[in-house]
Amino acid sequence: MLTVYGDIRSGNCLKVKWLLDRLNRDYRWIETDVMSGVTRSPEFLALNPAGQTPTAVLEDGRPLAQSNAILLYFGEGTPFIPSDRYDRARMMEWLFWEQYSHEPYIAVVRFQRAMAGKRADEIEPRLVERGHAALARMEAALAQGDWLVGDGPTLADLALVAYTRVAPEGDFDLAAYPSVVAWIGRVEDAFGIR
């Protein structure tokens, strides 16, 4: 059976779970608390040498890591990957941007505030500034249309909603980004996220 090692507090893990649930895939979820050190165990490192979640173990035993790679694997042949070559590349552009220019700021600040218990004045200002820059880029894109790419939800929307929807846990006030707020609702509806 398909098995996913994931930490339910992690947006990177949740986006994989949400896609599998939306596609009605049977899978076994193994809750993996990344704070406990279990991802540094020899057994886990044999599956994923980077020691990160999510990690999917396919039915044939092959492991697959990195949330967006897992999304692309399971999204193949679904409407969530555009058939148009250009739109597909634009979707991937957002997926790469999410891991490089969004998650390192929005998710890191959220982790430090909500999970590590740091005060706002203990957060590096550059992280907050870049988080707001990421939200501003999304706001500008979503002011032009309902979805990040094309006329319907794609993996780009799923990947980016994971940490955007919980950005207020890192003290990012989404009221300044009304197009983003409306988009979060659309993505949650499209993927059955509650």
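Let's start with Ile 70. Setting aside residues up to four places away in sequence, Ile 70 touches Val 16, Pro 54, Thr 55, Ala 56, Leu 64 and Ala 65. Before I go on, please keep in mind that this is a predicted model.

So where does Ile 70 sit? Its place is in helix H3, which covers residues 67–75. Is Ile 70 buried or exposed? Its relative accessibility is 1%, so Ile 70 counts as buried.

The peptide bond leading from Thr 53 to Pro 54 is cis, and its omega is near 0 degrees. You will find Pro 54 in the loop between H2 and strand E3, with E3 being 55–57.

Gln 66 is not a glycine, yet its phi is positive, at about 75 degrees. Gln 66 sits in the loop between strand E4, residues 63–65, and H3. With a relative accessible area of 41%, Gln 66 is partly exposed. The other residue is Asp 171, again not a glycine, with a positive phi of about 70 degrees. Asp 171 belongs to the loop between H6 and H7, and its relative accessible area of 46% makes Asp 171 partly exposed.

Now, on to how helices meet. Let's stay with H3 for a moment and look at its partner H6. The axes of H3 and H6 come within 11 Å and cross at roughly 145 degrees. As for handedness, H3 passes H6 in a right-handed crossing. Which residues make the contact? From H3 we have Asn 68, Leu 71, Leu 72 and Gly 75, and from H6 we have Leu 155, Leu 158 and Ala 159. Sorted by class, the contact of H3 with H6 has five nonpolar residues, two polar ones and no charged ones.

H6 also meets H7. Here H6 is residues 155–164 and H7 is residues 178–191; their axes come within 10 Å and cross at roughly 115 degrees. This time the crossing is left-handed, with H6 passing H7. On the H6 side, the residues are Asp 157, Leu 158, Leu 160, Val 161 and Thr 164, and they meet Val 180, Trp 183, Ile 184, Val 187 and Phe 191 in H7. The contact of H6 with H7 divides by class into eight nonpolar residues, one polar and one charged.

Phe 191 brings us to another residue, Arg 22. Arg 22 has its place in helix H1, residues 11–22. Leaving out neighbours within four places in sequence, Arg 22 is in contact with Phe 80, Ala 190 and Phe 191. Arg 22 is partly exposed, with a relative accessible area of 36%. For a sense of distance, Arg 22 and Trp 183 are 161 residues apart along the chain, and their C-alpha atoms are separated by 18 Å.

Let me finish with the aromatic rings. How many aromatic pairs does a search of the whole structure find? It finds four, and I'll show you two. Tyr 5 and Phe 44 form an edge-to-face pair, 5.8 Å centre to centre, with 85 degrees between the planes. Tyr 5 is in strand E1, residues 3–6, and Phe 44 is in helix H2, residues 42–47, so this pair ties together parts that are 39 residues apart in sequence. Both Tyr 5 and Phe 44 are buried.

The other pair is Trp 94 with Trp 97. Why is this pair called edge-to-face? The ring centres of Trp 94 and Trp 97 are 5.2 Å apart and the planes are at 90 degrees, so the pair counts as edge-to-face. Both residues lie in helix H4, residues 85–115, three residues apart, which is about one turn of the helix. Trp 94 is buried, at a relative accessible area of 6%, and Trp 97 also counts as buried, at 14% relative accessibility.

Finally, have a look at Arg 137. Arg 137 lies over the face of Trp 94, at 4.3 Å from the ring centre. Arg 137 also lies over the face of Trp 97, at 4.9 Å from that ring centre.

Terms used: Residues are numbered from 1 along each chain as its sequence is written. This is a predicted model: local features need pLDDT of at least 70, side-chain atom pairs count only at pLDDT 80 or more; totals for chains, interfaces and linings use all residues. Side-chain values use heavy atoms; hydrogens and water are left out. Axes are lines fitted to C-alpha atoms, for helices over the stretch in contact, and angles run from 0 to 180 degrees between N-to-C directions. Helices (H or I, at least four residues) and strands (E, at least two) are DSSP runs, numbered from the N terminus. A crossing is left-handed if the near helix is turned anticlockwise from the far one by less than a right angle, and right-handed if clockwise. Contact means heavy atoms within 4.5 Å. Ala, Val, Leu, Ile, Met, Phe, Trp, Tyr, Cys and Pro count as nonpolar, Asp, Glu, Lys and Arg as charged, and the others, Gly among them, as polar. Buried means under 20% relative accessible area, exposed over 50%, partly exposed in between (1.4 Å probe, protein chains only). Rings of Phe, Tyr and Trp (its six-membered ring) pair if their centres lie within 6.5 Å; planes under 30 degrees apart count as stacked, over 60 as edge-to-face and the rest as tilted. A charge sits over a ring if NZ of Lys or CZ of Arg is within 6 Å of the ring centre and within 35 degrees of the ring normal.
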